[in-house]
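Hi,

Here is the structure we talked about. Please open it first, then read the notes below.

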Amino acid sequence: MTTTLTRPESGTDRSERHRLSVVGGLAALSLDAMASVAYGPEAIVIVLAVAGGAGLGFTVPVTLAIAVLLGVLTLSYRQVIAAFPDGGGAYGVSRTYLGRRASLVAAASLIIDYVLNVAVSVAAGVAALTSAFPGLLPYTLWLCLGVLALVTGVNLRGIAESARVFVVPTVIYVGAILTVVVAGLLRSGPAAAVVAPEPAQNLQTVGILLLLKAFANGCAALTGVEAIANAVPSFRKPRVRRAQHAEIALGGLLGVMLLGIAVLIGKFGIHPVDGVTVLSQVTTAALGDGFGFYLVQFSTVVLLALAANTSFGGLPVLAQLLARHNKLPHVFALRAERQVYRHGVGFLAITAALLLVITDGDMNTLVPLFAIGVFVGFTLSQVGMVRHWRRTRPSGWRGKATLNGFGALLTGAAAIVVTTTKFGEGGWLIVVALPLLVAAMEWVERSYRRIGERLELGLTPAPPRPHRSLVIVPVHTVSRLTRDALAAALSLGDHVEAVHVVHPGDGEAARDFVADWEKWHPEVTLVQLHDERRRLGEPLVEHLRTVGDRHVFVLIAEVEPERWWQRILQNQRGGVLARALRRRSDAVVCRMRFRLTTGHARAVRHDDRPPHPAPVGDTSDTGDSPAGR
């Protein structure tokens, strides 16, 4: 008989299963950029409309300029992915080629943008929902927090899981927008009447400042382009190639959708109308007001709400990279099952929730803060890539450096214009928050450097040698718990002391305890400490100062209750004693758990005196106790 053994799935195979494919990368990391089609063209039109029809005529040229910048960024981040396969995007580029301070600015700008993206995306999705159903308006904040909780819960199951959940809404949304573009281009006239423009008043002339402001507003559609480069480690092998394909697919789809909508805006004479979005007007003109219209609107609402997922895919990976470089607490580098950086996900959810609570879920309050930080990261990334090409000088490096230099010029100008135009609308908060976040990361880095110096990290230590050791066990009664604690202590060190603290009024109980101890005769030294102030940990701390240079362990034995509700019976003095020892001594504190289970043998008493049970919790005499009465 032949037995066939199946090879168990290796850890590497399981790890790859929880990573992203190209389509999954688009669904998990590109929703922010995809959803920007809903508000990017409208942001351009709102600015140009102040110049009337003459201004609206520049919608396509401004959008074309944004599409050119999108192409530059897409090609640049494709190069960044190859040069920095560990992720980090603008942070990785800046750290290598622009120095520590520039890298911290890039990292801070990305963190701020990721948090704001979550808050804005959730608020925008809920705003679209409450516009369709006004009765839900009083529940705006709760709806925002509910959507945030949903997206957070999905991402705690893993980025691949979130991609599987969000891929269908993404496909429906992209298909719906492309259908609008194609149908609109094929029509000679609108399928349904669009809202007539109101008489124009106080028209402005079309000038360079107006065009720059429209360009800066429309650049909000580019947020999220960097997310794939930040999260390269989240892709399946070959990671670089899959991430590059996802980046190119994102740039191509986003460019086609933005330009298509812009052309239709000009073709059908779309203009801003209160209460009606530009996208809905374009959809009405292209598809009419039937089923297709509602499909586009509903898919847009869903994707706006889910666009927060881009941040959940990008920030945790960036945070773990910063933690590895000692810029953030190391807890952000911990990775759970399914490749989830749960602390990064939790930080993002909590900070976004605080923003939503502070602004009461109002999208208009959050939007002025949006997209300022990301252009700082864009610019630093482009400048860093110019230095990359000049240093490495591969074939065709001059053309690549020129492309990145042109991109840096465009994104730098956009950063200045966006910051200037939105400074008074709340953008000043970002200008203040950015250096504060940089200062916080520098403080974390200095703290880790001091810790490393004290631990002599990077140096070869002297060979370990045994030290004389002393194990101290706080005791109060003669019991099985005391026996097990002393047995464990005898295994830890070459000298063991049982320490019994006596307070005023405990004289009789202390004498009874000594009598029990002498009858038991455990062959362990008993030390009695007298304290007149009825303190908890201080008498033992003061005793430790008298033991010399020996290596000291303090073993605190505690009862682990059989039922969870029995914890209310514990005196918690073991925890108080442990905190005092850790704060005020160099002793190694060990807390031994004694599990209460049915079937334990009862200890044999040494006389007929009534028992004096120790308070449930530990063996230590660390304060008032009914056992001493």
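A salt bridge here is a side-chain nitrogen of Lys or Arg within 4 Å of a carboxyl oxygen of Asp or Glu. Keep in mind that this is a predicted model.

Salt bridges first. A search of the whole structure gives nine. R100, R101, K327, E442 and E445 are joined in a network of them. One link in it is E442 with R100, with 3.4 Å between the closest N and O atoms. That pair ties together distant parts of the chain: E442 sits in helix 20 and R100 in helix 8 (residues 100–132), 342 residues apart. E442 counts as buried because its relative accessibility is 13%, under the 20% limit. R100, at 39%, is partly exposed.

Next, E558. Its salt bridge with R591 has closest N and O atoms 2.8 Å apart. E558 is buried, at 5% relative accessible area. R591 is partly exposed at 35%, and R593 is partly exposed at 45%.

Now the surface. R387, R390, R391, R393 and R398 gather in a patch of positive charge. Helix 19 (residues 372–392) gives the largest share, three residues. R398 belongs to helix 20 (residues 397–455). R398 is exposed, with a relative accessible area of 58%.

There is a nonpolar surface patch too. F423, W428, L429, V431, V432 and L436 form it, with about 540 Å² of accessible area together. W428 lies in helix 20 and is partly exposed at 41%.

A408 is also in helix 20, but this residue is buried, at 12% relative accessibility.

Last, the aromatics. The whole structure has seven aromatic pairs. F84 and Y97 make an edge-to-face pair, 6.2 Å centre to centre and with 85 degrees between the planes. F84 is in the loop between helix 6 (59–83) and helix 7 (90–97), while Y97 is in helix 7, 13 residues away in the chain. Both are buried. Y77, F375 and F378 form one aromatic cluster.

Best wishes

Definitions and conventions: Residues are numbered from 1 along each chain as its sequence is written. This is a predicted model: local features need pLDDT of at least 70, side-chain atom pairs count only at pLDDT 80 or more; totals for chains, interfaces and linings use all residues. Side-chain values use heavy atoms; hydrogens and water are left out. Patches are made of residues with over 30% relative accessible area and no salt bridge: like charges are joined within 9 Å, nonpolar side chains (Val, Leu, Ile, Met, Phe, Trp, Tyr) within 5 Å. Accessible areas come from the Shrake-Rupley method with a 1.4 Å probe; for residues, only the protein chains shown count as cover. Lys and Arg count as positive and Asp and Glu as negative; His and the chain ends are not counted. The place of a charge is taken as NZ of Lys, CZ of Arg, CG of Asp or CD of Glu. Helices (H or I, at least four residues) and strands (E, at least two) are DSSP runs, numbered from the N terminus. Buried means under 20% relative accessible area, exposed over 50%, partly exposed in between (1.4 Å probe, protein chains only). Rings of Phe, Tyr and Trp (its six-membered ring) pair if their centres lie within 6.5 Å; planes under 30 degrees apart count as stacked, over 60 as edge-to-face and the rest as tilted.
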